[in-house]
Amino acid sequence: MSRRRKLLAGGAVIVATLGYLIYAGVSQSVVYFVTPSELKAQPVSGKAYRLGGMVARGSVRWEPRSLALSFTLTDGVASVQVRHKGTPPDLFAEGRGAVVEGTWSREGYFRASTILAKHSEEYKAPAPGAPAGYQELLKTLRKPQ
Amino acid sequence: MIPEFGYAAIGVAFGLACYGSVTAALGARTGRPALLRSAQHAALAIFILIVLAMALLISAFLTFDFSLRYVAMNTNRGTPFYYRITALWGALEGSIVLWSWMLALYTLIVIVRYRRRQAEFYPWVLSVMLGVLAFFLLVMTVPASPFQRMTPIPADGRGLNPLLEDTGMITHPVALYLGFTGVTVPFAFAMAALITGKIGEEWISATRRWTIAAWYFLSLGLLIGGWWSYHVLGWGGYWAWDPVENAAFMPWLTGTAFLHSVMIQERRRMLRLWNLTLVILTFGLALFGTFLTRSGILSSVHSFTVSSIGAFFLGFIALVLLFAFGLLAWRGEHLRAPGELDSVLSRESAFLLNNLLLVAAAFTVFFGTIFPLLSEAVRGVKVSVGAPFFNRVNLPLFLSLLFLMGVGPLLAWRRASRENLKRNFLWPVTTGIVAAAFFFVLGVRSALAVLSLALVVFVAATITLDFSRGIRARIRTGDRLFAAPGNLLLRQNRRYGGFIVHLGILVVAVGITGSQAWSLQGEATLARGETLQIGRYQVRFDGLSASEESNHFKVTGTFTVTNDRHGVAVMAPARKFYPQEQTPIASVDYRIGLKEDLYLVLGDFAQDGSHVTIKAHVNRLITWIWIGGLILTLGAALAVLPDRRPHRGNAR
């Protein structure tokens, strides 16, 4: 084999390896973004999803002791029960949007590994008296204990 | 008045940049020195005008002039003094101002340094740099003007993004942008080489130190960014493969490839086409990085249409690539390099392989970063590949690179003989194998960790071997024992600067391996007096307190940490509530150690202070990432010093 051929063959091997690495990487770590209706339509257990929807009112249960969190995500058509272990993130609240990452479990709920609360980056001029909530918090915390 | 003056300054500077770029090109073609002088004066005027624009912006920040939208969006009356100045580069518009200022400064340095020395390239370099400058000034005029007005004028501004109120955020963008803009100089020289047809080794020798300096700043920027992510964001890590991080990492990877491949061209006159391609890619990625980090474009293809800045940047990147690769094609027949690869077992081929791997890594990162956009555009399906993708694909690439780092510098040029292999590798390979066995006996059971650490030891052994030989050679030629190491470093600063960078990378690799393999995390809700056990630490919750700071409200938890051996520390992680933010910001408390860090993040809390949720991380060996980074930048700084060796005629 000529030197040029050898080099080309070496290059081809490297490119093929890289192609395989990327292909395997994508197929193993691709995460689909779905809505509750899309998930309910064809749930595949064990597959990774990003599920986005609104946290249904009255559905949030959090047990600080065991860090068990459960709630319902809805898109108005279908709703999905989500379970998670950990603290709810800061922006997480009923009636707000949330995106959860995790898998569909065989028992018929969504097991979330990560919760991302959605928030807007819109600029709002601070309304007068808006920080009042914090003042309240300050007061309760400063009470002699 | 500030907006009017600002707009005027930017507008005039833009006009001058266009004028200067064209005039310099005409000067190059006609050879009339008056034209060149005129372009130089234009460059000086542009610099002064940009400084003026910056001064106007800073004074607007300092006087709380909320009639400027940019000021209103990025500060408020509570923003501390220093952060009011650095808020200048807190968002897209001001970052572009900073970029232009640096580029204008670099242009002046190029004028001073190369006006006489590189008479052939210089006019074209000036023309290209002013052309790039013109683009950034154009962006500042309309699509992303920092001088846009805000009506009605608000009583108070929104405030700086609280995450940016950190010393890391003062220095990180500056370092990163010095790197991004620094790449422009080698790029401009490459273009000049293509235009003039002098595509030999001259443009590479002329810009060698510029490339190292740009690489130094990019590395420093990445390092500070990682540190910022670690101690501000409160997720316990330093690198998340976030698009913003990837944006800075890609030009670093191709820049690293370029730094290595130019050595082959200088030495063996090979790879001319490849080096030109690499410098074009690096510059393109630096532009892409600037655009990504500040535009938030990657959340969805649909946000593309929201701001015109996206179209502007992509258009310019396309134009640059078209122009550069067009020139490359035009000069195609002259690019056949005189040198040839002699053997597969040679330093050239090791460097070549290193280049392929680095470019492959850059490509993977690029692919993963834009994958969500691609998928949404092509298939209409929203998908993403997260950190697992990047880790999985890059891990084999980076381990191979680590291996090559040991092999490459000690292989002989042209053709490595059996003798050369035995002389340089017998001892390091043995050491590496012994180290692997040692780590296994020590109880390291992760195959990956053993492999990575053994590779580190192997490479360290090759470097030690080379360094000790260098010292012995100096002693033989009359150096004293204590003077020899210093002389060696200074006399061959480029070679040994490179080795020190490699050592730094090894130390970083130890930190990454350790933090990936052995870190612990725990989370618990604690009532007062209760403890969380993590690793060898007991973290006891003692109480909650609240305080009001200049621009936010702060709730601090007090925790007493005991561990079996070292007694007690009191740690105080907090949450900060900014009126302008919908979400509280975690303020991490950490104790840093060479072996491990203890890292506490305050979570949810009861308002009466009776209980809190706390996240604790024990991060192993992470400190070595910062130490390695420091070593790496020191090495780069050494390599950037002027070459002291007497010039070897043929090699240059």
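At 23% relative accessibility, R620(B) counts as partly exposed. The scale runs from buried (under 20% relative accessible area) through partly exposed to exposed (over 50%), with a 1.4 Å probe and protein chains only. E596(B), at 6%, counts as buried. The side chains of E596(B) and R620(B) meet in a salt bridge, 2.6 Å from N to O. Here a salt bridge is a side-chain nitrogen of Lys or Arg within 4 Å of a carboxyl oxygen of Asp or Glu. E596(B) lies in strand β10 (residues 596-605) of chain B and R620(B) in strand β11 (residues 611-620) of chain B, so the pair ties together parts 24 residues apart in sequence. Helices (H or I, at least four residues) and strands (E, at least two) are DSSP runs, numbered from the N terminus.

This is a predicted model: local features need pLDDT of at least 70, side-chain atom pairs count only at pLDDT 80 or more, and totals for chains, interfaces and linings use all residues. Residues are numbered from 1 along each chain as its sequence is written, chains are lettered from A and ligands numbered from 1 in the order in which they are written, and side-chain values use heavy atoms, with hydrogens and water left out.

Over all chains, the structure holds 14 salt bridges. One of them joins E4(B) and R149(B), with the closest N and O atoms 2.7 Å apart. E4(B) sits in helix α1 (residues 2-30) of chain B and R149(B) in the loop between α6 and α7 (167-182) of chain B, so this pair ties together parts that are 145 residues apart in sequence. E4(B) is partly exposed at 40%, and R149(B) is partly exposed at 43%. E266(B) and R494(B) form another salt bridge, again with closest N and O atoms 2.7 Å apart. This pair links helix α10 (residues 243-268) of chain B, which holds E266(B), to helix α19 (residues 493-518) of chain B, which holds R494(B), 228 residues apart. Both E266(B) and R494(B) are buried.

Next, the interior. A nonpolar core is a set of buried Ala, Val, Leu, Ile, Met, Phe, Trp, Tyr and Cys residues joined through side-chain atoms within 4.5 Å. The largest core has 170 residues, and L137(B), M191(B) and W203(B) touch the most other members. Helix α6 (residues 122-141) of chain B gives the most to this core, with 15 residues. Contact means heavy atoms within 4.5 Å. Leaving out residues up to four places away in sequence, W203(B) touches residues including F121(B), F189(B), F258(B) and L276(B). A second, separate core has 23 residues, among them A546(B), F553(B), I614(B) and A616(B).

Now the interface. 38 residues of chain A are in contact with 58 residues of chain B. The two chains bury about 4,200 Å² between them, 61% of it on carbon and sulfur atoms. Buried area is the accessible area (1.4 Å probe) that two parts lose on being put together, summed over both. The rule finds one salt bridge across this interface. The side chains of R65(A) and E530(B) meet in a salt bridge at 3.1 Å, N to O. On the side of chain A that touches chain B, α1(A) gives the most, with 11 residues.
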